[in-house]
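Here is a short briefing to read beside your model.

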Amino acid sequence: MYRVAAYRQLKNRVSWISSFNFTRSNHTLPFATVKAEEISGSQPAEVHNLVQGKWTGSSSWNTILDPLNGQPFIKVAEVDESELQPFVESLSRCPKHGLHNPFKAPERYLMLGDVSTKAAHMLGLPEVSDFFAKLIQRVSPKSYQQAHGEVFVTQKFLENFCGDQVRFLARSFAVPGNHLGQQSHGFRWPYGPVAVIAPFNFPLEIPVLQMMGALYMGNKPVLKVDSKVCVVMEQFLRLLHDCGLPADNVDFINSDGKTMNKLLIEGKPRMTLFTGSSRVAEKLADDLSGRVKLEDAGFDWKILGPDVHEVDYVAWVCDQDAYACSGQKCSAQSILFMHENWGRSSLLDKMTELSARRKLDDLTIGPVLTVTTEAMLDHAKKLLQIPGSRLLFGGEALQNHSIPAIYGAIKPTAIFIPLEEILKEQHYHLVTKEIFGPFQVVTEYKDNQLLLVLNALEKMHAHLTAAVVSNDILFLQEVIGNSVNGTTYAGLRARTTGAPQNHWFGPAGDPRGAGIGTPEAIKLVWSCHREVIYDVGPVPLGWKTPAST
């Protein structure tokens with residue numbers, strides 16, 4: 001029987017792959033309802049909602065402007081507050097014990113492993129990865145290499161959870177009891193109905209990794225992605241359906257923030273994962289009585305130690321960390337603390353040269369989707385009023401472009417501010433304000449000022465990524481032992497950005513902190529601990545009712 005079942009499964013998989021290869025010969029993608037290259041003001045794409053297994057529209061459309069030319073190029077069917085009931089009902093239909101758990105529907109662990117296998121195969125096909133990379137570029141302009149890297153990480157994540165790997169996430173343990181017939185077993189248990197709220201800057205990677213993690217552990221998620229980029233996840237959900245994911249396993253909603261907030265309050269998801277700004281994160285934590293996991297803003301730091309090596313390489317990494325994706329990464333390098341030895345090197349000159357290579361033509365610099373040009377330049381102006389500060393490079397608006405005024409467009413910018421001034425109470429909060437764009441602060445410290453640097457780190461409220469660039473092991477120990485950031489890179493090649501799928505990515509220092517990508521992150525965010533204690537006997541021979549206690 002086992003061999004027959006295995007043969008049928010293999011036959012079905014070969015049939016599925018063969019059918020897709022047949023489709024490839026016609027140069028079409030079976031799941032896609034848009035073509036990335038053709039989305040424009042004259043051919044706008046349409047994005048729908050998914051609820052209770054059906055794609056639906058809404059009573060109104062939100063028109064998204066092309067971030068490169070301002071044309072209305074995507075129409076999103078946004079649900080308003082009067083249209084929430086189907087989503088509320090869908091969440092309520094999922095019990096607290098989930099769609100599956102170790103005692104219920106365990107075959108779903110295998111099904112999701114199979115879906116991951118097929119989806120990873122699909123993303124590994126050049127025409128599919130190219131489709132998603134170009135679609136990402138259309139809505140969140142970044143270089144092709146950056147966009148394709150996002151697709152690659154997503155594909156590798158799915159490969160990591162093929163076959164039996166999904167059920168391995170639910171591995172339990174047992175501890176012997178006090179007498180014969182007693183054992184305690186620890187299980188990873190789903191929350192049931194959950195919500196995923198994902199930002200604009202990684203339209204594929206963040207929502208896929210969190211949504212799939214929620215599914216793997218037995219939850220039913222409702223997914224909300226920033227409307228500016230939601231077309232990417234709509235297309236990926238269609239791909240997953242093509243790969244065998246039941247259409248009613250995930251709901252997909254497009255709405256404004258107020259409507260989504262109402263859904264969370266009325267639908268009562270047992271857990272909500274939010275990736276985005278600290279302001280919204282704190283509001284959700286209050287509104288949802290703490291039933292949240294957060295991966296919020298990051299004012300991320302990099303420290304260059306006293307040992308100067310490979311200046312060209314370190315300068316290149318600094319440029320990538322601060323300005324790739326136009327600085328629109330929650331892990332982007334926000335402040336650089338360089339030892340005076342680096343200050344005497346050619347580092348800053350090389351960083352200036354590298355920043356000048358970034359062009360709008362290849363999207364190595366591009367539109368900033370949440371901060372206007374005026375706001376970024378105004379922030380630069382305020383920083384330059386601090387005594388001793390100076391503009392290293394940038395500080396100007398991009399020229400000769402058609403980026404609409406609702407977005408930002410500035411040259412890669414770096415401003416030097418003396419360390420002593422940064423630490424002053426009247427300056428600190430201004431200097432450490434996160435600007436989600438191509439903007440960083442640079443400062444310098446001496447050997448006897450490392451404690452001041454560590455004090456600056458201690459005062460920060462966001463602790464996502466960090467880098468300690470040094471091969472001096474004692475220096476590394478000192479900095480790592482006196483800091484918090486949840487994803488910290490250490491050594492000569494340390495960076496703040498570019499997290500792959502093979503290590504934890506997330507903040508530390510906050511019990512609400514969420515991780516992404518690894519088995520540990522999935523279990524932490526998308527499951528809770530349940531203990532089942534078996535006590536089946538036998539009752540001791542000759543047992544008699546004891547006195548009351």
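Strand β17 gives the largest share of the lining of the largest cavity, three residues. This is a predicted model, where local features need pLDDT of at least 70 and side-chain atom pairs count only at pLDDT 80 or more, while totals for chains, interfaces and linings use all residues. Residues are numbered from 1 along each chain as its sequence is written, and side-chain values use heavy atoms, leaving out hydrogens and water.

**The cavity**
- Searching the whole structure turns up one cavity of 30 Å³ or more (a set of points on a 1 Å grid over the protein atoms alone where a 1.4 Å probe fits but cannot get out; lining residues have an atom within 4 Å of a point).
- The volume of the largest cavity is about 120 Å³, counted as the space filled by probe spheres set on the points.
- Among its 18 lining residues, F299, S334, E434, I435 and F439 are the closest to the centre.
- Two or more lining residues come from each of β14 (333-339), α14 (373-383) and β17 (439-445); helices (H or I, at least four residues) and strands (E, at least two) are DSSP runs.
- By class, the lining has eight nonpolar, seven polar and three charged residues.

**The helix pair**
- Helix α3 (residues 107-124) packs with helix α8 (residues 230-242) at about 125 degrees, their axes 9 Å apart.
- V115, A119, M122 and L123 of α3 meet F236, L239, L240 and D242 of α8, with contact meaning heavy atoms within 4.5 Å.
- This contact has seven nonpolar residues, one charged and no polar.

Technical notes
1 Å grid on protein atoms, 1.4 Å probe; cavity = no way out; pocket = protein on both sides within 12 Å on 5 of 7 lines; lining within 4 Å. Nonpolar A, V, L, I, M, F, W, Y, C, P; charged D, E, K, R; others polar. Axes fitted to C-alpha atoms, helices over the stretch in contact; angles between N-to-C directions.
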